[in-house]
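Biologist: Before we discuss any labels, could you show me the model, so that each term can be set against its definition?

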Amino acid sequence: MNIKRYTVTAALPYANGPIHIGHLSGVYLPADIFVRYLKSNGKNVIFISGTDEHGVPITIKAKEEGLSPQELVNKYHSLIKNSLKKMGILFDNFSRTTSKIHFKTSRKFFKILYKKKILFEKESEHYFDKKVKKFLPDRYIRGICPKCSYKAAYGDQCEKCGGSISPEELINPYSFFTGKKPILKKTKHWYLPLNKYQNFLEKWIKTKKFKKNVSGQIKAWLKEGLKPRAITRDLNWGIPLPIKNNTGKVLYVWFEAPIGYISSTIEWGLKTGKNWEKYWKNKNTAIINFIGKDNIVFHGIIFPIMLKVHGEYILPYNVPANEFLNIEKKKISTSKKWAVWLHEYLEDFPKKEDVLRYVLTSNMPETKDTNFSWQNFKKKNNSELVSILGNYFNRVVVLTKKLFNGKVPSPEKFKTKDFFILKFLKKCPFKIGGFIEKYHFKDALMTFMELARLGNKYLTDEEPWNLYKINKKRVKTIIYISFQIMGVIGNLSNPFLPFTSSKILKMLSLKQLNWQLLLKTNEIVTPGLLLSNNKLLFDKITDFEIKKQLNKLM
């Protein structure tokens, strides 16, 4: 495939509360790193997301907070958007599923499938809670999993074994609202016959190089056999069904939410005057959907089938899903308040956005669930960001001010070890980029940190503070080489530590360079540069700060 442009999407966060660091680690941070890398290489890319604002959980939460559903989603859309922006995750467009353009796009999408007679109508019995007088969406029916006996399986999927379930298969089903056994009541819905497209999907999957955790879950569903799935629901909050005489029925949220990527891109096109269709309807475009593992079935099976049967859109190029992040060895639970909320972190740790980005990237759940602990957070900051990366910059700056009045010296004769370092610097963009392109973000970050470790070792081995007394020329070269390392770090840190990258580049009076230029440029920092006023890149985090955060979880 000749990739000319990229459409990178991040799963739509649910707008019934703030987002926590699990969302950041699983979806938004890897997506942002990937996008920043692409843009650093001059690629044509747009970064799209928005808030998912429909469904029963929204109405429940709105009632709890004494708000209308629209007031609730307005509140959390703003909070989520601002939190992500403050973390340096800058979307080209961050929309919402209550927007007019999303209503229009979703209804049009449904009508095309309806007119093509892909959908079918079916009257069937669905679970109904008499007390709250509501039909129960699959996620609001709980019971014992018929496959692994997990006691709190959902009506569509078991979180423990990952198996696909229908509500009728649950043993001893009960309503999430009341805890009572629901009754069965007749209602009519429209279905997408996934089973008709199983052969297509099996062939399509074989052409994809998905991560093992993604392909494994998809293959498990295919082995079990795909079944028709309802795409409408009996609700009063959502996108009304575009068919006459069907009041009270809306498009089911799992159907219309992925269409939010398309509607958000259309919105971006309207804002910028650019042709949005190139990013969804051109075979030379790669659509990459960053999601969490709980969304694999929707983005790896259902959404591709939706796009296929629609007929106008290209299918995803990749669906890199991460696993889950636990906190202090316990599963994140928003209902039990066992979470680290992103907006609270930003308030408690001002100007430490990159610290969280670093810690989460170094511990990213790329292939299995991982754990976040506050003690490890402190250790990573103090032992790595402060003692390795920050210390290296401080050493070079202090030496330059002391020995050369704050000016970058011109080099003299290079030694073998100098040539080795310059050659290593040329390899780093390619090596780090290779890991990012394979979605190995931890390996990419580790390789990036090798630069700072190399710089520190170089200074320690050469001892320019002692050598200056007997060989000033050699010290000039050592400091010059050190600044070349700093210049490369300033550029390559952008995907991982964008705020730190800006500080470094400003201190060195540099602009962000295309990574392809880094491979060709022999000199990043030119001699004669007078260092601007600089501050420490990072500072230590105290036990008191960590204890305060641990107390929040109690």
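Modeller: K185 sits over the face of F128, at 4.3 Å from the ring centre. This is a predicted model in which local features need pLDDT of at least 70 and side-chain atom pairs count only at pLDDT 80 or more, whereas totals for chains, interfaces and linings use all residues. Residues are numbered from 1 along each chain as its sequence is written, and side-chain values use heavy atoms, with hydrogens and water left out.

Biologist: What makes a charge count as lying over a ring?

Modeller: NZ of Lys or CZ of Arg must be within 6 Å of the ring centre and within 35 degrees of the ring normal. R233 also lies over a ring face, that of Y252, at 4.1 Å from the ring centre.

Biologist: Why is the pair of Y252 and W254 called edge-to-face?

Modeller: Rings of Phe, Tyr and Trp (its six-membered ring) pair if their centres lie within 6.5 Å, and planes under 30 degrees apart count as stacked, over 60 as edge-to-face and the rest as tilted. The centres of Y252 and W254 are 6.1 Å apart and their planes are at 75°, so the pair is edge-to-face. Both residues, Y252 and W254, are buried (under 20% relative accessible area, with exposed over 50% and partly exposed in between, for a 1.4 Å probe and protein chains only).

Biologist: How do you know that strands β6 and β8 pair?

Modeller: Two strands pair if DSSP finds at least two bridges between them, and three bridges join β6 (residues 141-144) to β8 (residues 171-175), which run antiparallel. Strands (E, at least two residues) and helices (H or I, at least four) are DSSP runs, numbered from the N terminus.
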